[in-house]
Amino acid sequence: MAVKRFLDILLSIIGILLASPLILVIILLVYIKLGKPILFTQDRVGINGKIFKMYKFRTMLNTTDKDGNLLPDNERLTPFGRKLRSTSLDELPELINVLKGEMSLVGPRPLLVDYLPLYSQEQMKRHNMRPGITGWAQVNGRNSIDWKTKFEFDVWYVENWSLMLDFKILLMTLVKVFKKEGICADGSATAERFNGAN
C-alpha cells in the first residue's frame, strides 16, 4: 500500500502540472458560465468511514424554487456542465484530495454520507481502502449499472487489489473517458440515488 500511495502522489503532481493550462481555462469558463463558487464541495465517505470534503468543478446552477429548495439536477445541469461531465474534466480537482491523502487515483468511488446506514456488512468493505477518482465499477459500467452490481465490483476490487490491477483500471479509464461511456444512469442527469435494499 505504501507503493500505491507513493504512485498516487507522484502521478497526481505530474497530472496537475501537465493539466494546469487546461485547469486555468476550465476555471475561467466555470466563472463565466456558472459564476462563483468555481468548485463544488461535498462531504463524502473515505477510508474506514472517515468523512472528508471532495472537490469538483461546478457543473450546475444553484437555481431554487419559490421555497428556496434546489431544483432537480436535470434542470440545473447546463449544456456546459453536461459537456464537462461527459469528458470527466469536472473531476480534475479531486487530484487535490489525492495529494491530501483522502483519495487515491484508483479505488471505490466516494459516496454520500447519508448512504452509510444503508450499506450491508459486505458492502461496507468498500471503505477498507481509500476511495478513488476511478475504480473497477467505473470501468465496468459507471453510472449505467445498478447499485448492487456496483458494490459487488467495489468489494471485489478491495479483496483483489494489486498494482497491476490499478494500472489496468487507469488504462481502461482513459478508453472510457474517450468513448464517454456510462456517464449517467438511464433517464437521469446524474447517478440514481442509493436507497438501500440491494
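K53 is partly exposed in this predicted model, with a relative accessible area of 45%. Its salt-bridge partner is D43, and the closest N and O atoms of the two side chains are 3.0 Å apart. The count for the model comes to 11 salt bridges, and the points below take up some of them, together with the chain segments that they join.

- R109 forms a salt bridge with E94, in which the closest N and O atoms are 2.7 Å apart.
- This pair links distant parts of the chain, with R109 in the loop between strand 3 (104-106) and strand 4 (132-134) and E94 in helix 4 (residues 94-99), 15 residues apart.

**From the strand 3–strand 4 loop to the segment after helix 6**
- D114 and R193 meet through their side chains in a salt bridge, with an N to O distance of 2.9 Å.
- D114 lies in the loop between strand 3 and strand 4, whereas R193 lies in the segment after helix 6 (163-179), and the pair thus links distant parts of the chain that are 79 residues apart.
- D114 counts as partly exposed at 44% relative accessibility, and R193 likewise counts as partly exposed, at 42%.

Key: Residues are numbered from 1 along each chain as its sequence is written. This is a predicted model: local features need pLDDT of at least 70, side-chain atom pairs count only at pLDDT 80 or more; totals for chains, interfaces and linings use all residues. Side-chain values use heavy atoms; hydrogens and water are left out. A salt bridge is a side-chain nitrogen of Lys or Arg within 4 Å of a carboxyl oxygen of Asp or Glu. Buried means under 20% relative accessible area, exposed over 50%, partly exposed in between (1.4 Å probe, protein chains only). Helices (H or I, at least four residues) and strands (E, at least two) are DSSP runs, numbered from the N terminus.
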